[in-house]
Amino acid sequence: MIITLILAFLKIGFLGFGGGYAMLSLIYAESAHLGLSAAQFADLNALDGLIPGPIAINSATYIGQLTDGFSGALAATLTVCVPSLVIVPLYLHFEHRIKNNWGLSAILRGIKPASAGLVLAVAVSLALTTIGGVDTLGQIGQAQLNWANLLVLVIVLLMDAKWHLNPIFSILIAGLIGGVWYYLV
């Protein structure tokens, strides 16, 4: 299992473009191959908002811990850092050539909208899971609306629209409302 974990996070490290949130769809796909449920991934996403640090490293630590304990967490965390340790020195060495390359600049401009689409895909997947109780769009006909989760989402979105909350406060408020709802019902 540790080799599978290492290969998954090497893939994430080398192919993850556009920042942490853009990488979430790749992390989601790889975590599904490692046996994580959509609910566990939703927990990971909530923890990423609360725990300081890059999303890829936090995700690697969490997924590694779930799949293979401390050794998995350590291996996944170190592995996801390897590509940066290779690519950054190479970039610095060839920076003058890269900056003037029109082809590479065009590719990087194309990655921006693709990254936005990947973030949206993860948001839709998490919404389907937490609000509809389904894992894919193909199962949308079997969705059973979870009113508690929908209510929490609406309350937090309205509060954010009115007061422009810090994301950490949004997560804490959502957890508080969900916890109260859980113990009342």
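Okay, let's start at helix 1: its buried residues pack against helix 2 and helix 4. Packing here means contact, that is, heavy atoms within 4.5 Å. Helices are DSSP runs of H or I with at least four residues, numbered from the N terminus.

Before I go on, two notes on the model. This is a predicted model, where local features need pLDDT of at least 70, side-chain atom pairs count only at pLDDT 80 or more, and totals for chains, interfaces and linings use all residues. Residues are numbered from 1 along each chain as its sequence is written, and side-chain values use heavy atoms, with hydrogens and water left out.

Back to helix 1, then. Which residues of helix 1 are buried? They are Leu5, Ala8, Phe9, Ile12 and Gly13, where buried means under 20% relative accessible area, exposed means over 50%, and partly exposed is in between, with a 1.4 Å probe and protein chains only. As for length, the 14 residues of helix 1 should span 20 Å at 1.5 Å a residue, and the end C-alpha atoms are 20 Å apart, which agrees. The expected span, by the way, is 1.5 Å times one less than the number of residues.

Next up, helix 3, residues 38-50. Helix 3 has 13 residues and reaches 19 Å from its first C-alpha to its last, close to the 18 Å expected. Its buried residues are Ala38, Phe41, Ala42, Leu44 and Asp48. Looking down the axis, these buried residues fall within an arc of 155°, so they line one face of helix 3. And what covers them? Helix 2 (20-33), helix 4 (55-99) and helix 5 (102-132) are among the elements that do.

Now helix 6, which runs over 147-163. Ala148, Val152 and Val156 are the buried ones here. They sit within an arc of 60° seen down the axis, so they line one face of helix 6. Helix 7 is included in what covers them. On the other side of helix 6, Trp147, Leu157, Leu158, Ala161 and Lys162 are exposed.

Let's finish with the pockets. A pocket, on a 1 Å grid over the protein atoms alone, is an open set of points where a 1.4 Å probe fits, with protein on both sides within 12 Å along at least five of seven lines; lining residues have an atom within 4 Å of a point.

The largest pocket holds about 1400 Å³ of space, a volume being the space filled by probe spheres set on the grid points, which are joined across faces, edges and corners. It has 34 lining residues, with Asn45, Ala46, Leu153, Ile171 and Ala174 nearest its centre. Helix 7 brings the largest share of that lining, ten residues. By type, the lining of the largest pocket has 22 nonpolar, nine polar and three charged residues. Nonpolar covers Ala, Val, Leu, Ile, Met, Phe, Trp, Tyr, Cys and Pro; charged covers Asp, Glu, Lys and Arg; the others, Gly among them, are polar.

The second largest pocket comes in at about 400 Å³. Of its 22 lining residues, Gly13, Gly16, Phe17, Met23 and Ser84 are closest to the centre. Helix 4 gives the most to this lining, with eight residues.

Definitions and conventions
Helix = DSSP H or I, 4+ residues; strand = E, 2+ residues; numbered from the N terminus. Arc of directions from axis to C-beta.
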